[in-house]
Amino acid sequence: MFVPPLNSRLEVKWMVDDVNLWWSCVVQSITGKVDYQDRDVYSVLYSGRPDLDMPNQERREVVFTTNNLLVDQEDGDVMQWRMEGETTDPPELLCVGARVTLRGISGPEGRGTIAAIDELGCYKIDLEDGTSRSSVQQSSIDEHAENKADMVDDVVSLFGQCIRSDPRFRLLKSHNHKRITAQVDDLQTQLLLRLKSYGDQHSRAEQKALRELVTELRYML
C-alpha cells in the first residue's frame with residue numbers, strides 16, 4: 001500500500017452541508033502513535049477555507065488504510081484521499097442508511113440497507129430477510145434510485161425555502177410567486193429525469209445533477 005511521504009500535499013474528501021468537496025492538507029508528521037492494527041498515525045494540517053466560513057487551519061490525526069482511503073482518528077470517519085493535483089475522482093462512498101440491492105440477487109435476500117462502511121471501503125448490509133452481509137465491495141452493489149430522488153427533493157426543497165424567505169420574493173406580486181414556484185417544480189422534474197437517464201453511475205449522477213442544479217439556479221436568480 002502506498003503511504004504519502006511527509007510534506008506531501010493531499011486532498012481529502014469531506015462532506016460539508018451535504019455536499020462532498022476536496023479539501024487540501026499537508027502530511028506533517030508521524031505522531032508515534034499506532035492504531036489497533038499497529039499502523040502509524042499521521043498528523044495532517046488542513047488549509048483554511050474562508051469560502052466556507054472556516055478560515056483557520058486545522059490539524060487532524062489520520063491512518064492511511066488503502067491507496068485512496070484514510071480513517072480520521074477523531075471522528076472514526078472513512079474518507080477518500082488523493083495527491084493534490086490529481087484529477088481522478090473515484091466513485092463516491094455510499095452513505096450509511098442508503099437503500100441498496102446486491103447485484104445478481106433478487107427478493108428480500110438481495111435488498112437491504114447499508115449499516116456500516118469499513119476502513120477498506122467495504123460495506124455491511126442489513127438485508128430484508130433479517131440477515132446481514134459484511135465486507136461487500138461497492139462493485140457488487142446497486143444503489144436504489146429512490147436515494148437519488150431523495151437527494152434531489154432535499155436540494156430543491158431547500159432552494160425553494162431560500163427563495164421564499166428572501167425579502168425580495170415577498171415584494172413580488174402573486175402571479176410572480178406562482179411563476180417562480182412552477183419553475184422550481186419543473187427544475188425538480190427535469191433533474192429526476194436526468195438521474196434516470198444516467199443509469200447505474202451511482203453517485204457520479206448525483207454530482208452531475210448538483211452541478212447542473214447550481215447552473216440553472218443561477219439563471220433563475
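These are my notebook entries on a predicted model of one protein chain.

**Set-up.** I number residues from 1 along each chain as its sequence is written. The model is predicted, so I keep the rules at hand: local features need pLDDT of at least 70, side-chain atom pairs count only at pLDDT 80 or more, totals for chains, interfaces and linings use all residues, and side-chain values use heavy atoms, with hydrogens and water left out.

**Confidence.** I looked up pLDDT (the predictor's confidence in each residue, from 0 to 100). The protein chain averages 80. I find 68% of the residues at a score of at least 70. Helices (H or I, at least four residues) and strands (E, at least two) are DSSP runs, numbered from the N terminus. Among these elements, helix H4 (residues 203-220) has the lowest mean pLDDT, 54. S3 has the highest, 97.

**Open sheet.** I traced a sheet of 5 strands. It is open, with antiparallel pairing and the order S10-S9-S8-S7-S11. Two strands pair if DSSP finds at least two bridges between them. Strand S10 (132-136) and strand S11 (141-143) are the edges, each pairing on one side only. Neighbouring strands are turned by 40° against each other on average, direction ignored. The axes behind this angle are lines fitted to C-alpha atoms (for helices over the stretch in contact), and angles run from 0 to 180 degrees between N-to-C directions.

I then went through the pairs.
- Strand S7 (residues 99-102) and strand S8 (residues 111-117) are antiparallel over 3 bridges. Arg-99 has Thr-113 in S8 as its bridge partner.
- S8 and S9 run antiparallel and are joined by 5 bridges. Gly-112 stands opposite Leu-127 in S9.
- S8 and S9 form a hairpin with 5 residues between them. In the turn, Gly-121 has a positive phi of about 85°.
- Strand S9 (residues 123-127) and S10 are antiparallel over 3 bridges. Asp-126 is partnered by Ser-132 in S10.

**Cores.** A nonpolar core here is a set of buried Ala, Val, Leu, Ile, Met, Phe, Trp, Tyr and Cys residues joined through side-chain atoms within 4.5 Å. The largest one has 16 residues. Val-12, Trp-14, Tyr-46, Phe-64 and Leu-70 touch the most other members. Strand S1 (9-16), strand S2 (19-34), strand S3 (40-46), S4 and strand S6 (78-83) each supply at least two residues of this core. A second, separate core has 10 residues, including Leu-94, Leu-102, Ile-114 and Leu-127.

I checked Tyr-46 for contacts (heavy atoms within 4.5 Å). Beyond its neighbours within four places in sequence, its partners include Val-12, Trp-14, Trp-23 and Arg-60.

**Thr-66.** Buried or exposed, I asked of Thr-66? It counts as buried because its relative accessibility is 16%. The cut-offs are under 20% relative accessible area for buried, over 50% for exposed, and partly exposed in between (1.4 Å probe, protein chains only). Thr-66 sits in the loop between strand S4 (58-64) and strand S5 (69-72). Its side chain reaches the backbone nitrogen of Leu-69 at 2.9 Å. Leaving aside neighbours within four places in sequence, Thr-66 is in contact with Met-1, Phe-2, Trp-81, Glu-119 and Leu-120.

**Met-83.** This residue is in strand S6. Met-83 counts as partly exposed because its relative accessibility is 22%. Not counting residues up to four places away in sequence, Met-83 touches Phe-2, Pro-4, Ser-8, Arg-9, Leu-10 and Glu-11. Met-83 and Ser-24 lie 59 residues apart in sequence, and 9.2 Å apart from C-alpha to C-alpha.

Key: A polar contact is a pair of N or O atoms within 3.5 Å; within protein, one must be able to donate a hydrogen and the other to accept it, and residues adjacent in sequence count only if both atoms are side-chain atoms.
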